Amino acid sequence: MATADKNLIGHLVPAMKALHNALVLAKITDIKVSTPHSLGILSMSEPPSVGRFRRGYDKVIFAPMLEFHRQTKSPFMVNPYPYFGFSPNMLNYCIFKPNRGVHDKFTGITYTNMFDAQMDAVYSAMKVLGYGDVEIMVAETGWPSLGDPNQVGVNLENAATYNGNLLKHISSGKGTPLMPNRRFQTYLFSLFNENLKPGSTAERNFGLFRPDFTPVYDIGILKQSAGGAPTPTVPSGKKWCVPKPDATDEALQSNINYVCSTGVDCKPIQPGGACYDPNTIRSHASYAMNAYYQTSGRHDFNCDFANTGVLATSDPSHGPCQYIS
């Protein structure tokens, strides 16, 4: 739907039907046909009980699609992402931590997490069209473990908390306030960090594993995890990349130039930035080299810088200058 290409959108349901018919002709009965949707398909989602599909698409696209899902017993796939809908004052609400909740005045329900609210908004939109019985699948959801400098709410602890608590929530079988006792087949985004993906740092760091197969964090699914309910764990032993004592200013300036040319945010070490003072090449290089190390995968070689960098275990942050970790 994000393409706004009406010709493409208009052929979506016919294409789904064609694929299904081809599978039937081939006598393949264990493959279901569906297509994932962002919550951009909704024109309203707050409060959840007033969830509605976008006007113009509701009866022309989604009603026939939901009828197809009902007839073929296939799921309607959605991508609920509390991460994309959160504000700093609602962080706990988004990651399943204790909070005051959000009240739906039309149903009298107080929601304690945004995931349930988003799912119920989709359900409400489906129910208005008469398809509240169609199965809903979570095609993807997740939370990044690393973001750009000073990006609020994006860190390893919150990623582990969201995904770990989500796993507990969907495994409980409680469902949502409007869909009690319903289980949702759910897929986490994503298995691996995408270190070559363009865009923000956060977009490259949704994975449970790094590209070299080492875990970023465990939400209770690793082989060595103990039985019982999963408990999110965050690796200890943080490290920061800083210049070696004998590194020259010339080499460190070269490091700064390189890091800032790769897309790493160097605004904090520019005039007026939180890490501009002390205004020395070594201080600026320290921030830049660490930012590169943290956003490039935290491999030892990411802190080499032609043998001018070294990993430290003490946080070099000072005053308003907070280093990424």
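Author: Helices (H or I, at least four residues) and strands (E, at least two) are DSSP runs, numbered from the N terminus. By that count the protein chain has nine helices and 10 strands. This is a predicted model: local features need pLDDT of at least 70, side-chain atom pairs count only at pLDDT 80 or more, and totals for chains, interfaces and linings use all residues. Residues are numbered from 1 along each chain as its sequence is written, and side-chain values use heavy atoms, with hydrogens and water left out.

Reader: Start with the whole chain. What are its spans along the principal axes?

Author: The C-alpha trace spans about 70 × 45 × 45 Å along those axes.

Reader: What share of the residues counts as buried?

Author: Buried means under 20% relative accessible area, exposed over 50%, and partly exposed in between (1.4 Å probe, protein chains only). Of the 325 residues of the protein chain, 46% are buried.

Reader: What share of the contacts joins residues 24 or more positions apart?

Author: Contact means heavy atoms within 4.5 Å. Among contacts with a separation of 6 or more, residues 24 or more positions apart account for 64%.

Reader: How many charged side chains are there, positive and negative?

Author: Lys and Arg count as positive, Asp and Glu as negative; His and the chain ends are not counted. Each charge is placed at NZ of Lys, CZ of Arg, CG of Asp or CD of Glu. The protein chain has 28 positive and 25 negative side chains. The centres of the two sets lie 10 Å apart.

Reader: Now the sheet. In what order do its four strands run?

Author: Strands of a sheet pair through backbone hydrogen bonds, either parallel or antiparallel. Here, two strands pair if DSSP finds at least two bridges between them. The order is E1-E4-E7-E8, in an open sheet with parallel pairing. Its edge strands are E1 (36–38) and E8 (186–188), each pairing on one side only. Neighbouring strands are turned by 25 degrees against each other on average, direction ignored. Axes are lines fitted to C-alpha atoms, for helices over the stretch in contact, and angles run from 0 to 180 degrees between N-to-C directions.

Reader: Walk me across. How many bridges join E1 and E4?

Author: Three bridges join E1 to E4 (residues 76–79), in the parallel sense. His 37 has Val 78 of E4 as its bridge partner.

Reader: Which way do the side chains of E4 point?

Author: Phe 76 and Val 78 point one way, Met 77 and Asn 79 the other. All four are buried.

Reader: How many bridges lead on from E4 to E7?

Author: Three, and these strands run parallel. Met 77 is bridged to Met 137 in E7, while Phe 76 stands opposite Ile 136. Five of the six residues of E7 are buried, so E7 is largely enclosed by the rest of the structure.

Reader: And how many bridges join E7 to E8?

Author: Two, again with parallel strands. Thr 141 has Leu 188 in E8 as its bridge partner.

Reader: Which strands does helix H6 lie across?

Author: H6 (residues 114–128) lies across E4 and E7 (136–141), at about 140 degrees to E7. Helix H7 (residues 156–172) also packs on the sheet, touching E7 and E8. Its direction makes about 165 degrees with that of E8.

Reader: Turn to the backbone. Where are cis peptide bonds found?

Author: One runs from Glu 46 to Pro 47, with omega near -10 degrees. Pro 47 sits in the loop between E2 (42–44) and E3 (52–53). Another joins Phe 189 and Ser 190, with omega about 5 degrees. Ser 190 is in the loop between E8 and E9 (240–243).

Reader: Last, Ser 283. Is the residue buried or exposed?

Author: Ser 283 counts as buried because its relative accessibility is 12%. Ser 283 is in helix H9 (residues 281–295). Not counting residues up to four places away in sequence, Ser 283 touches Pro 278, His 318 and Tyr 323.
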